[in-house]
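Work through each task before reading its solution.

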Amino acid sequence: QVQLVESGGGLVQAGGSLRLSCAASGRTFSSYAMGWFRQAPAKEREFVAVISWSGESTAYADSVKGRFTISRDNAKNTEYLQMNSLKPDDTAVYYCAARRTGYSGTYYYTKDHEYDYWGQGTQVTVSS
């Protein structure tokens with residue numbers, strides 16, 4: 001069982017930055033691929049980014065590529081999402097998610113049903 005707790009959300013002006021964190025419980029954090037998703041009001045939850053268990057492989061949604069950076073620190077059982085050049089369209093509740101992969105190289109999970117565990121979400125609001 002893995003429990004995920006997001007933090008770091010808030011209100012920021014367009015063009016600003018925020019860093020989200022996701023702290024995971026459990027001793028096997030390093031054997032999970034980790035992802036970020038977001039859900040804006042009246043919209044479906046959408047994929048944002050994913051990182052492999054080792055941190056060596058990452059993938060991003062086109063809408064955030066070049067602005068957001070996903071990373072992880074397995075020693076701290078934490079993943080991060082650095083968000084720069086924020087836009088009002090980035091306003092959403094951001095969720096971290098964990099997918100059990102073992103220590104394989106597979107990591108490209110972009111559908112929410114592919115994940116085993118979810119955090120409770122953190123609100124990000126970008127004002128224009």
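A salt bridge is a side-chain nitrogen of Lys or Arg within 4 Å of a carboxyl oxygen of Asp or Glu. The model used here is predicted, and a search of the whole structure finds five salt bridges.

**Exercise 1.** Find the salt-bridge partner of Asp112, and state which parts of the chain the pair ties together.

Solution. Step one: Asp112 pairs with Arg45, with the closest N and O atoms 3.6 Å apart. Step two: Asp112 sits in the loop between β9 (92-100) and β10 (117-118), and Arg45 in the loop between β4 (32-39) and β5 (46-51), so the bridge ties together parts 67 residues apart in sequence. Step three: Asp112 is partly exposed at 29% relative accessibility, and Arg45 is also partly exposed at 29%.

**Exercise 2.** Classify Asp62 and Lys65 as buried, partly exposed or exposed.

Solution. Step one: their side chains meet in a salt bridge, 3.1 Å from N to O. Step two: exposed means over 50% relative accessible area. Asp62, with 67%, is exposed. Lys65, with 49%, is partly exposed.

**Exercise 3.** Describe the salt bridge between Arg67 and Asp90 and name the network it belongs to.

Solution. Step one: the N to O distance is 2.8 Å. Step two: Arg67 lies in the loop between β6 (58-60) and β7 (68-73) and Asp90 in the loop between β8 (78-83) and β9, so the pair ties together parts 23 residues apart in sequence. Step three: Arg67 is buried at 12% relative accessible area, and Asp90 is buried at 1%. Step four: salt bridges that share partners join Arg38, Glu46, Arg67 and Asp90 into one network.

How values were computed. Residues numbered from 1 in each chain as written. Predicted model: local features only at pLDDT ≥ 70, side-chain atom pairs only at ≥ 80, totals over all residues. Heavy atoms only, no water. Helix = DSSP H or I, 4+ residues; strand = E, 2+ residues; numbered from the N terminus. Buried < 20%, exposed > 50% of the residue type's maximum accessible area, 1.4 Å probe, protein only.
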